[in-house]
Amino acid sequence: MATNGVNGSATNGDDYEGEFGHGIQVIDENKEFTSTMPEYLTSTNVLQAGFSYHLISVFGSQSTGKSTLLNHLFNTAFPVMSESRRQQTTKGIWMSLATDPNASSNPDEPHLGKNILVMDVEGTDGRERGEDQDFERKSALFAIATSEVLIVNIWEHQVGLYQGANMGLLKTVFEVNLQLFQKDKSTVHRSLLFFVIRDHIGHTPLENLKNTLLADLNNIWHGLSKPPGLETSTISDFFDFTFATLPHKLLQPDQFKLETQRLKLRFREESPTNANYSADGVLDTSKTGVFLPAYHRRIPADGLPHYAGNIWRMITENKDLDLPTQQELLAQYRCDEISVVCVELFDEVVTPFEAALSQKIVQSDLGPAMKTALDTSLIKFKEEAGRYHKVVYKRKLEDLEKKLQARLKVLYVAQLTAAHKNAIAVFADTIQKGIKRSGADFASLVTETRATVLADFTTEAESCSLEGAFSYTDELHAVEKELDEGATRLRGEEMTRLLARMEKSLRTKFTSEDDGVAYMFKTISPSLYPRIWNLFTTGVTDQISLFTQRSTALNATSEENEQAVYKLKKRAWKVLRMILDEETKEQSLITRLMGYFDKDFRYDDQGVPRVWKAGEDIEGTFAKSKETVMKLIPNLATFQLEDSTKPPLATFIGDAPEGVEEEVGVAAEEDEEEDVASPTSTKTFTILTPGRITSLTESFNRQADQAFVDAKRGTISSVSQIPVWFYGLLVILGWNEFWAVIRNPLYFMMLLLAAVGAYAAHTLNLWGPILTVGGATGRQALEVGKEKLREFLEMPQPGHQGAHAFSSGNSTSSTQGESIRMRNLTSEGKNNGFDDDD
Ligand SMILES: Nc1nc2c(ncn2[C@@H]2O[C@H](COP(=O)(O)OP(=O)(O)OP(=O)(O)O)[C@@H](O)[C@H]2O)c(=O)[nH]1
Ligand SMILES: [Mg+2]
């Protein structure tokens, strides 16, 4: 503030540095516009007043007591010239907020209006500026573009004088006003010219002074060259006039004070609806107050700094001052500024949700947050920007709404997507868990879950739809569609599982030990396959009725049912066919056939194992047994009914229903098996091919023949005892040897001794001990023999084996040989003396 060049002795400008003690210097002596206005308006609480404020300017010659007047009327602190120096005090244009000390002390009494901003304009025909009329014109233009009331301060004795009564200044005011109105014909601004006649002595009544002034003003107006369209306009089309007098401040100080306090009340808050004009067209502001709504420039307080700044810039750049354009520009500027603040408010709520977008989850409380963010932001915008130029405001409001909605839309779409995904996941999960519960009814499970999931989705979508601003119908349809597809897929999977279970239980039935295929194969007869066919058809039929019950609960369509039944039948046949293949493997069949053969051949009618004796008819029994078995083999060849017809498998399975997928993968892999399992295939019922029958027969024959050979061998071993004639032969052939022993006395003696010994042993019952001693001796001899053998085998050097193996006690020579070798190692290839000594 020190740079504002406050001169004069009344106050020291430096005391107010950084403060707003004197108000602010809106335009300094260098014609620069202040940057402190927003700060000042904020500190005086005017900035947020909207339209509830007033702007007044004072005009008049230099040093005519303008600042003094304002300070008395509005309790301001504009610098006032000291009595002695008589030099220009106010430079540029100052602004200060009017206050009324009475308002707080006597609130019930009439007092000054609120938020009155007063501009103290540099005096005209200033000595300091000399003939430079430029600033005078510019400040007049600035004041009239912004102010509602222009106070014209003149001394009584100046009335009737052209210069002294500021007629030059007023002419300028009228001219610039016309200039402004030419640009803004649509909105006719009015201004009040408030003439305050100072040092009124009282000799000339106010009425006379007023008339003189009015006559002068009209003269000036008539003398003006008016722009096209405004030629016939009168001064009262644009201005109201009101007049007041004040006594001499120095000569009648008390009177002056009193009158200024009365005059102050003309600036009271009331907004008169009926302007009260006297016969000469002068506004009687003593009754109505000065602030007629028509005077207000409709610039919201928070736009005033920018607006005033722009106006001043246009004025200094000598550009045509186009107020409507300025107002639009201001509106744009301010709307943008307010928009930024509103978006910040919006961000506070919305940014966290935007940050969480990447998680792709349903964000709880998004709906209310979206609404709060949008509402808060738009309400603030409407409140603050709504005062500005309507067209601009509406456009900016739309822009802001679109911008915010676009951001919300992103959140909304992401939320819908997440809710969609969630709905599908919850649906699948609930159904899968539900199916596992026993007794769960798939159809009602699906219906209930679908309804719940859709209700949840709708609630979520609705809460974020900003009361219908965003639509979720398409997404809802998509969810519904996907749920239905999901239900179908889950049902399909469940059907597949069901089929697999059915197939498994059929397999269990077919392989049962008690009544399965293997059990039936124990009796090979023409009725074997008919029995198995019966097992197959009853088993499959039972499973189908079970399946139908379960699939009804699954809510399957009749087509799906037909397809499943068809598949089940086919698979059942395939299973049976595989079991049959297993059962008719050559080895198992041979075992079974040999069972039949053995029953006849190895056991008799009572089931007792036969012991063949010589002379029994082995061959006959063998041939009969073999024949019985051979007759059985053809029964195994073809799967047929008792009347030798093929079982009605194709009819039983039926035609493939439409849309049934043939199990191509399996067919391709197991081409052969698929072929034999196919009900239409010629191989289906061929269990044993002729080739296999031949091989089977051969194998069987081999085993049966073996049995025959064994039987035969058994008979021969049972007849191989020593025949009686053999003993005769023995006597005849050994007769000579017998006599040789008898005749030789030595042999005879030995025989006799042996006989006596044997007799003695027998009579003394010594055979037992003799045998024991003999056995022990024999065992001992055996042990000794073994020991010797082991020693022999463990000899290290085969060369020395002969020398040392059996020479017990000759270990020294062996040790010696060892020590010689050791010595050889230490003598590095040379034998030492030891060797020679040895
Ligand atoms: N005669 C007379 N003098 C006054 C009156 N009021 C103030 N003065 C004196 O006039 C001188 C100028 O007063 P200011 O209030 O500074 O006048 P100003 O019009 O603001 O002057 P500038 O700002 O320099 O143009 C001071 O010395 C005041 O004492 C009045 O009512 N009558
Ligand atoms: Mg002054």
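Mentor: Before we start, a residue is called buried under 20% relative accessible area, exposed over 50% and partly exposed in between, with a 1.4 Å probe and protein chains only. This is a predicted model, in which local features need pLDDT of at least 70 and side-chain atom pairs count only at pLDDT 80 or more, while totals for chains, interfaces and linings use all residues. Residues are numbered from 1 along each chain as its sequence is written, chains are lettered from A and ligands numbered from 1 in the order in which they are written, and side-chain values use heavy atoms, without hydrogens and water.

Trainee: Is Lys433 buried or exposed?

Mentor: Lys433 is exposed, because its relative accessible area is 51%. Its salt-bridge partner is Asp429, with the closest N and O atoms 3.0 Å apart; a salt bridge needs a side-chain nitrogen of Lys or Arg within 4 Å of a carboxyl oxygen of Asp or Glu.

Trainee: Why are Lys433 and Asp429 separated by about one helical turn?

Mentor: Because they are 4 residues apart in helix α12 (residues 390–436). Helices here are DSSP runs of H or I with at least four residues, strands are runs of E with at least two, and both are numbered from the N terminus.

Trainee: And how many salt bridges are there in the whole structure?

Mentor: The search finds 35. One of them joins Lys380 and Glu384 at 2.9 Å, N to O. Glu384 is buried, since its relative accessible area is 14%, whereas Lys380 is partly exposed at 24%.

Trainee: Changing topic, which residues does UniProt list for "binding site"?

Mentor: The unreviewed entry lists Gly60, Ser61, Gln62, Ser63, Thr64, Gly65, Lys66 and Ser67. UniProt positions follow the numbering used here, feature names are shortened, and annotations may be inferred rather than shown by experiment.

Trainee: Where is Lys66, then?

Mentor: Lys66 sits in helix α2 and is buried, because its relative accessible area is 6%. Beyond four places in sequence, the residues it touches (heavy atoms within 4.5 Å) include Asp120, Asn153 and Arg198.

Trainee: What lies 2.7 Å from a polar atom of its side chain?

Mentor: The backbone oxygen of Ser61.

Trainee: And Gly65, where is that found?

Mentor: Gly65 is in the loop between β2 (54–60) and α2 (66–74). Apart from neighbours within four places in sequence, Gly65 contacts Asn153 and Arg198.

Key. A polar contact is a pair of N or O atoms within 3.5 Å; within protein, one must be able to donate a hydrogen and the other to accept it, and residues adjacent in sequence count only if both atoms are side-chain atoms.
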